[in-house]
Every structure is written in C-alpha cells, then in structure tokens.
Amino acid sequence: MQPTVEPMRERDVEAVAQLRLAAFFDGTARTLEDDTAGLRKLLAGDGFETSLVARIGDVPVGTCLLVRRELELAHELTMASRAGCRSEAPAPRDRHGTG
C-alpha cells in the first residue's frame, strides 16, 4: 500500500505526538502533553504554519511540520537541516514498481 500525505487533523494529534517524542525528544523533558498541546496550537493557528501527516492506510507513520521557529535543538536532524544537508528522493519507478 502506498503512503499518502495530508494535513494533520485533530484525530492525528496524539499519534503524531507519540511519533515525535520517540524520534526527536527521547531523553528530554518534553512530555506527551507538551507536544499534544503544541500540535493543537498549530492546528488552531493562522494557517501560515502547518503539519503534514504521512499515512499507510489509516495509520500515521510520519510527519512534517512547517513552522516559523524551530523548538530548541533536540535532535541531529535539526542540526543537519541548518547545516544545509539535503536528502535525495528515490529514483522514479514505472507503473509496475520495477524501476
């Protein structure tokens, strides 16, 4: 099943917060409640910032937040992005998925 990407909704907040805590904030003082509150604030914002959710079926498997300011540097991905690192997309596949 192919993943889909769409804007985060209220029903996604807790699952997205759990993904973020595991990926970026393990070992920090940030709690699930802190992250869910921040994500809900993002949802209620002015629309200039947003969160996208990647899903496989109905299961959230990843997220991307587009925000004005990053939280405190808590993970290497933030450090790498500020250093100008980029990743490359996988090579396109034909309609049969074979390259």
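This is a predicted model: local features need pLDDT of at least 70, side-chain atom pairs count only at pLDDT 80 or more; totals for chains, interfaces and linings use all residues.
Q: Why is Phe48 called exposed?
A: The cut-off for exposed is over 50% relative accessible area. Phe48 has 64% relative accessibility, so Phe48 counts as exposed. As for its place in the chain, Phe48 lies in the loop between α2 (32–43) and β2. The C-alpha atoms of Phe48 and Val67 are separated by 7.9 Å, although these residues are 19 apart along the chain.

Q: What makes β1 and β2 a pair of strands?
A: Pairing requires at least two bridges found by DSSP. Strand β1 (residues 4–7) and strand β2 (residues 50–56) are joined by 4 bridges, so they pair, and they run antiparallel. Within this pairing, Val5 stands opposite Ala54 in β2.

Q: How do you know that β2 and β3 pair as well?
A: The requirement is again at least two bridges, and β2 and β3 have 7 bridges in the antiparallel sense. Here Ser51 stands opposite Leu65 in β3. The two strands form a hairpin with 2 residues between them, where Gly57 takes a positive phi near 65 degrees.

Q: Which residues is Leu39 in contact with, leaving aside its neighbours within four places in sequence?
A: Contact needs heavy atoms within 4.5 Å. On that basis Leu39 touches Met8, Val13, Val16, Ala17, Arg20 and Leu65.

Q: Why are Met1, Ile56, Val59 and Val61 called a surface patch?
A: A patch residue needs over 30% relative accessible area and no salt bridge, and nonpolar side chains are joined within 5 Å. Met1, Ile56, Val59 and Val61 form such a nonpolar patch, with about 420 Å² of accessible area together. One of them, Val59, lies in strand β3 (residues 59–66).

Q: What is the overall pattern of the chain, and how much of the chain is buried?
A: The chain has 3 helices and 3 strands, following the pattern β-α-α-β-β-α along the sequence. Buried residues are 20% of the 99 in the chain. Of the contacts between residues at least 6 apart in sequence, 51% join residues at least 24 apart.

Notes. Residues are numbered from 1 along each chain as its sequence is written. Side-chain values use heavy atoms; hydrogens and water are left out. Buried means under 20% relative accessible area, exposed over 50%, partly exposed in between (1.4 Å probe, protein chains only). Patches are made of residues with over 30% relative accessible area and no salt bridge: like charges are joined within 9 Å, nonpolar side chains (Val, Leu, Ile, Met, Phe, Trp, Tyr) within 5 Å. Accessible areas come from the Shrake-Rupley method with a 1.4 Å probe; for residues, only the protein chains shown count as cover. A salt bridge is a side-chain nitrogen of Lys or Arg within 4 Å of a carboxyl oxygen of Asp or Glu.
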